[in-house]
Amino acid sequence: MPKLTPVRTELIWEGKYDEHGNRRPISLPDTPLPLQKVERIDLPRDIEKARQPSLFDEQDFQKQHHYDSWHNRLIWGDNKLVMHSLLTELRGQIDLIYIDPPFDVGADFTVDIPIGEGNDTIEKEQSLLEAVAYRDIWGKGTDSYLHYMYERFVLMKELLSERGNIVVHVDYRVTHYLRLIMDEIFGRDRIVNEIIWHYRSGGGSEGHFGRKHDTLLYYSKSDKYIFNSDIPEARVPHDAVIAESRKHLFDPRGKIRPDVWDVGRPPNHSKEWVGFPTQKPMALLEIIISVLSPQDGIVADFFCGSGTTLAVAEKLGRRWIGVDIGRYAIHVSRKRLIEVQKQLYQEGKKYRPFAVYNLGRYERQWWQREKLRDADAEHRRIVLHFYQARPLDPPPHPLLHGQKEGAYVHVVEVDAFLSCPRLKELAEALRLVGGKALHVLAWDFDRIQDGYKTYFFLPHRITYS
């Protein structure tokens with residue numbers, strides 16, 4: 001009797017498999033791109049520091065007003081590249097991921113920004129990074145959208161803790177697609193709830209019933225997931241905030257409500273409205289974060305938009321990481337989170353500072369890699385000429401490109417940076433050929449940390465000894 005070939009039901013899209021039927025790996029840089037800190041924001045501390053310049057006063061301020069030494073992170077960049085970078089430090093440590101990704105509508109990243117006190121707006125056109133992201137998401141229609149989401153779900157699973165949860169906010173256009181992808185990545189038995197968010201704002205249209213709900217796909221990493229229905233209010237640091245969440249989550253008898261949540265959108269005249277087109281109500285996120293993450297846990301939103309997830313996480317005492325590819329979204333979130341800091345400080349409650357990061361030029365290098373692939377040889381020749389180094393042809397090792405004054409010379413790829421793993425490869429190459437000194441010519445350097453070798457940094461050159 002012939003052996004039966006196992007067959008499974010799965011969602012297939014162009015790009016999922018190569019021409020030989022093998023699953024395509026996630027396209028990522030060889031080395032995680034370094035996050036560049038732009039600024040650290042702790043506005044209440046800065047105000048107090050101006051009044052009390054003493055070092056001891058600052059330390060006392062931190063003890064009274066900060067939970068701990070953790071700094072929250074607001075990151076501008078492609079969330080796939082950012083998550084790849086975060087894995088080095090935070091693999092298996094994020095307790096809750098909430099995302100509100102694009103809904104497969106082919107929309108670009110233009111935003112109508114309100115100005116003044118009236119109804120006037122101006123249109124913010126998409127940036128270069130947003131234009132590239134638009135191409136990646138919608139370039140091949142639904143196929144590229146599904147592959148875009150698939151790659152990101154794989155990375156999110158790696159970042160989640162074993163007890164972690166992920167909630168994905170979708171609408172009728174993509175619920176069926178993303179549920180099948182999440183079944184494949186997290187497992188069909190890992191869906192905890194399909195939650196319906198019913199909102200009252202907006203009207204119907206001729207030819208169909210009024211569309212008045214979105215869907216929240218709630219999956220867990222394992223069968224031992226976080227669900228805080230039994231935590232008493234007294235253990236939550238901001239009882240006034242959690243009261244609203246409990247009102248939506250529990251009925252008058254204290255029983256958990258069903259999986260249909262009737263929560264209104266924030267009105268345009270409300271205090272929480274910041275004018276962001278896809279902004280979600282804080283009450284919705286209060287339920288999700290308070291119930292599905294532990295106190296002091298890490299909450300991440302990789303499509304953070306106006307920063308609602310981050311603002312609620314801060315008010316509930318959670319640590320947070322927010323990522324968005326839109327510069328305007330980062331600007332809105334930054335401004336909003338500063339106001340949250342000030343509010344908590346004025347109320348005598350603790351908060352955490354946050355830092356703003358980006359991937360800078362490294363992200364642009366990643367997107368330009370195909371254009372630059374054949375330019376390395378010419379780039380190496382020109383750099384060696386200006387450095388007045390003698391090209392080695394053939395070289396004693398593929399990483400040793402030239403020689404100058406008894407030292408070997410390595411030229412990093414065009415428009416790239418020198419990473420720590422590459423530096424260790426160079427040290428090994430130098431040892432193999434019996435060299436004593438190596439000059440490395442690069443446009444920029446990663447932070448090099450090594451406990452058993454010494455690297456001396458000079459402008460555009462590294463000498464190894």
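Colleague: Is lysine 280 buried or exposed in this model?

Modeller: The model is predicted. Relative accessible area is the value to read, and under 20% counts as buried. Lysine 280 has a relative accessible area of 8%, so this lysine is buried.

Colleague: Where is lysine 280 placed, and with which side chain does lysine 280 make a polar contact?

Modeller: Lysine 280 sits in the loop between β9 (260-262) and α8 (282-292). The side chain of lysine 280 makes a polar contact with that of aspartate 100, at 2.5 Å. Beyond neighbours within four places in sequence, lysine 280 is in contact with several residues, including Tyr98, His169, Trp197, Asp214 and Glu272.

Colleague: Next, a helix. How many residues does α6 have, and what distance does α6 reach?

Modeller: The span from first to last C-alpha can be set against the span expected at 1.5 Å a residue. Helix α6, residues 175-186, has 12 residues and reaches 16 Å, close to the 16 Å expected.

Colleague: Which residues of α6 are buried, and against what do they pack?

Modeller: The buried residues are Thr175, Leu178, Ile181, Met182, Asp183, Ile185 and Phe186. They pack against helix α5 (142-159) and against the strands β6 (160-170), β7 (191-198) and β8 (213-220). Just after α6 comes glycine 187, with a positive phi of about 105 degrees.

Colleague: Now salt bridges. How many does the count come to?

Modeller: The cut-off is a side-chain nitrogen of Lys or Arg within 4 Å of a carboxyl oxygen of Asp or Glu. By this rule the count comes to 24 salt bridges. In one of them, the side chains of glutamate 162 and lysine 221 meet at 3.6 Å, N to O. Glutamate 162 lies in strand β6 and lysine 221 in the loop between β8 and α7, so this pair ties together parts 59 residues apart in sequence.

Colleague: Are glutamate 162 and lysine 221 buried or exposed?

Modeller: Glutamate 162 is exposed, at a relative accessible area of 54%, whereas lysine 221 is buried, at 18%.

Colleague: What about arginine 190 and aspartate 189?

Modeller: Their side chains meet in a salt bridge at 3.5 Å, N to O. Arginine 190 is buried, with a relative accessible area of 15%, while aspartate 189 is exposed, with 57%.

Colleague: With which residue does glutamate 347 form a salt bridge?

Modeller: The partner is lysine 349, and the closest N and O atoms are 3.1 Å apart. Glutamate 347 is partly exposed, at 41%, and lysine 349 is partly exposed too, at 26%. Elsewhere, salt bridges that share partners join Glu10, Lys16, Arg23 and Glu184 into one network.

Colleague: Which residues make the nonpolar surface patch of about 240 Å²?

Modeller: For a patch, a residue needs over 30% relative accessible area. Tyr225, Phe227 and Ile256 make this one. Tyrosine 225 lies in the loop between β8 and α7 (239-249) and counts as partly exposed, at 31% relative accessibility.

Colleague: Finally, the whole protein. What are the totals?

Modeller: The secondary structure comes to 14 helices and 18 strands. Of the 465 residues, 49% are buried. Among contacts with a separation of 6 or more, 71% are between residues 24 or more positions apart. The accessible surface comes to about 24300 Å², and 51% of that belongs to carbon and sulfur atoms.

Technical notes. Residues numbered from 1 in each chain as written. Predicted model: local features only at pLDDT ≥ 70, side-chain atom pairs only at ≥ 80, totals over all residues. Heavy atoms only, no water. Helix = DSSP H or I, 4+ residues; strand = E, 2+ residues; numbered from the N terminus. Buried < 20%, exposed > 50% of the residue type's maximum accessible area, 1.4 Å probe, protein only. Polar contact = N/O pair within 3.5 Å; in protein donor to acceptor, adjacent residues only side chain to side chain. Contact = heavy atoms within 4.5 Å. Expected span 1.5 Å × (residues − 1). Areas by Shrake-Rupley, 256 points an atom, 1.4 Å probe, with all protein chains shown as cover. Patch = residues over 30% accessible without salt bridge, like charges linked within 9 Å, V, L, I, M, F, W, Y side chains within 5 Å.
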